[in-house]
Amino acid sequence: AFPLVKFVGDEVAIVGLASARVPLSPGIAAGWVGRTQREALAAILAEPRLRGRSVVVTVHHAPLRPNGRPDLPQHGLADWEPVLELASRANAAALCHGHIHHRYRVAGPRDLPIFCAGSSTQQGIEGYWVLDVDRSGLRSAEAIHLAARS
């Protein structure tokens, strides 16, 4: 059931949201979190067991493209605005997503760091992010490009 919470040590909590949906029609690759999950996310972010922890929110679909603008309606996260508003209001350390195969970082509302995972397996652009997060928040982020190492 989503959202789900995973505690990492005593300092970090990862909150996962589900945005993947059966396409409404062929060629549509958009997703949405939905009101029920957003309400649950708001409740989770207010829980006492998250006090003193940095929170990283994860979702599949991209709220923003590399240029900082929303993705196309037929491809992106349909309810990106309320999702980002919830995460930024709760002072999340970061929001991480996938769906777009290129690794990038943009700033969301209140300078919320948004990371696109990119592809870990697509030939020529393989890689990942290494995020250093502790109870004080995001300390550093490094994009690892495996293709550049070979």
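I take contact to mean heavy atoms within 4.5 Å. The model is predicted, so I note that local features need pLDDT of at least 70 and side-chain atom pairs count only at pLDDT 80 or more, while totals for chains, interfaces and linings use all residues. Residues are numbered from 1 along each chain as its sequence is written, and side-chain values use heavy atoms, with hydrogens and water left out.

**Gly-137.** I looked up its contacts and found that, not counting residues up to four places away in sequence, Gly-137 touches Ser-54, Ala-93 and Asp-132. I place Gly-137 in strand S8 (residues 137–145), strands being DSSP runs of E with at least two residues and helices runs of H or I with at least four, numbered from the N terminus. Gly-137 has a relative accessible area of 10% and therefore counts as buried (under 20%; exposed is over 50%, partly exposed in between, with a 1.4 Å probe and protein chains only). I also noted that Val-12 lies 125 residues from Gly-137 in sequence, yet their C-alpha atoms are 8.6 Å apart in space.

**Ser-88.** I find Ser-88 in helix H2 (residues 80–89), and it is buried because its relative accessibility is 3%. Leaving aside neighbours within four places in sequence, I list Pro-109, Arg-110 and Leu-112 as its contacts. With Arg-110, I see a polar contact between the two side chains at 3.0 Å (a pair of N or O atoms within 3.5 Å; within protein, one must be able to donate a hydrogen and the other to accept it, and residues adjacent in sequence count only if both atoms are side-chain atoms).
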